[in-house]
Amino acid sequence: MDDFTDFYAAQFHGVTVQVFAYTGDLPLAQDIAQEAFTRAVMRWEKLRSYDDPAAWVRRVAFNLAASRWRRGRIAAAYVRRQRAEHVEGPSPDRVALARALATLPERHRRAVILHYLADMSIADIARQENVPANTVKSWLHRARTELAAQLGDLREVSS
Amino acid sequence: MTEFHDTDLRGIFSDFADTASRYVRPPGADLAQRQARVRIRNRRVLATVAAAVALLVPSGIIVATQMNGSNSLPQPPTTPGPTAPTVTPPSPTATPSPTASPTTEPPEVVAQAVQGPGELANAKLTLSWTNPHASPACSGAVTFANGVSGVSTPSVHILSTMKLDVDGDGAEEILAKIFCQTSEAGPLQLVAIRPGPNPTILGVVVESADFDGNGRLDPPDGPGIVVINDYVGLSDGTIRVEVADRFTCCGIPVDSALRQERTYAWDGSSFVQVDGPTTFLE
């Protein structure tokens with residue numbers, strides 16, 4: 001087993017779940033994650049020296065998701081080629097968070113997912129999104145407020 | 001208005017991740033590696049074709065391109081033209097053939113240049129040129145207004161743009177054809193730009209060589225690119241550019257220019273030519 005295989009095994013689920021939270025479409029998220037890892041292995045000699053190669057994969061995956069969210073161009077062809085079988089996923093009814101996230105503005109949604117699912121710091125998100133840290137704080141505040149309005153009952157369950 | 005506390009949200013997201021993870025079915029690292037090998041092999045084949053064309057059949061290419069009076073690139077779907085002969089890909093030598101190798105398909109045209117500066121209309125770009133004919137006014141930090149910098153010659157113009165993910169990171173770069181006008185003509189370059197609040201140059205795809213009153217001025221190693229015409233983006237992130245060896249305005253016959261299609265790819269640090277003829281030499 002090589003180190004890319006280890007890296008893939010350790011990171012694929014996490015990246016896929018993060019993209020699923022962003023797109024609300026698990027099969028698409030899985031395809032996007034696979035594409036991001038394919039691009040990673042093409043430059044693995046360089047990426048393996050990074051402190052956090054998963055950050056590169058995650059950034060590529062979110063870039064792909066954002067691009068496809070807006071235009072949905074390459075995804076369809078890729079899915080036709082690659083998807084061997086129907087991929088089951090949790091229904092929106094069972095994952096209220098995904099439904100609530102879908103109502104957030106794109107950048108608020110991305111920030112809250114990167115912070116709470118990918119465990120990225122505000123400073124790291126600001127760097128990735130090329131915005132000031134205070135802007136990220138504002139996005140997170142608005143996202144938390146909106147999610148609280150929609151998921152109040154889940155908060156009680158969680159606590 | 002209330003908002004979630006960190007601990008509340010972390011719990012909800014953790015539950016979400018646990019639930020969703022149960023449904024994730026990784027296609028596998030081996031599939032990613034096989035797909036990557038195919039893509040890398042395809043690029044190597046293109047590079048091999050480019051080298052073979054340059055060495056073996058330049059005169060045929062020139063005859064063919066002379067016959068082609070079109071001033072624009074073919075529209076999708078594309079077929080191999082005279083500058084991209086069909087070759088059999090070399091067999092992999094380091095690894096055995098995969099049992100379920102993904103289909104090798106030629107890259108498709110996915111983007112086309114659009115006239116005008118687009119979202120770069122009022123951008124500030126830091127330009128550099130290797131062409132000694134480029135005016136100092138065209139170099140360094142150049143601020144555009146409606147795609148133009150300078151009120152007379154020398155002036156800098158963004159003639160066209162195109163969006164394409166050239167470095168494979170999933171985000172689109174902007175390709176821009178820049179014209180450094182020093183008289184009726186002037187040097188051209190096609191650059192890739194990372195967009196954003198402060199656009200930055202990723203690299204120069206191709207730049208024109210020198211010219212004189214006859215429309216071209218040959219460097220010591222033979223005639224160079226004098227004109228950058230149209231360009232398109234391919235699905236593998238490469239850029240196919242139509243170039244010519246001569247300016248054809250101002251009394252110089254259009255038919256006197258040789259036109260070629262050359263394809264360029266980002267190699268991680270710069271753009272390199274991967275397809276098409278590499279010289280206008282007969």
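Which residue is the bridge partner of Ala265(B) in β13(B)? I will come to that in a moment, after a word on what we are looking at.

This is a predicted model, in which local features need pLDDT of at least 70 and side-chain atom pairs count only at pLDDT 80 or more, while totals for chains, interfaces and linings use all residues. Residues are numbered from 1 along each chain as its sequence is written, chains are lettered from A and ligands numbered from 1 in the order in which they are written, and side-chain values use heavy atoms, with hydrogens and water left out.

Chain B has three helices and 13 strands, taken as DSSP runs numbered from the N terminus, with at least four residues of H or I for a helix and at least two of E for a strand. Of its 282 residues, 48% count as buried, meaning under 20% relative accessible area with a 1.4 Å probe and protein chains only.

Turning to the sheet, five strands of chain B form an open one in the order β1-β10-β11-β12-β13, paired antiparallel, where pairing requires at least two DSSP bridges between two strands. Its edge strands are β1 (109-112) and β13 (271-275) of chain B, each of which pairs on one side only.

Strand β12 of chain B, residues 259-266, pairs with β13(B) in the antiparallel sense over four bridges, and here is the partner of Ala265(B): Val272(B).

As for confidence, chain B averages a pLDDT of 76, and 70% of the residues score at least 70, on the predictor's per-residue scale from 0 to 100. For the complex, the predictor gives an ipTM of 0.82 and a pTM of 0.63.

Methods: Buried means under 20% relative accessible area, exposed over 50%, partly exposed in between (1.4 Å probe, protein chains only).
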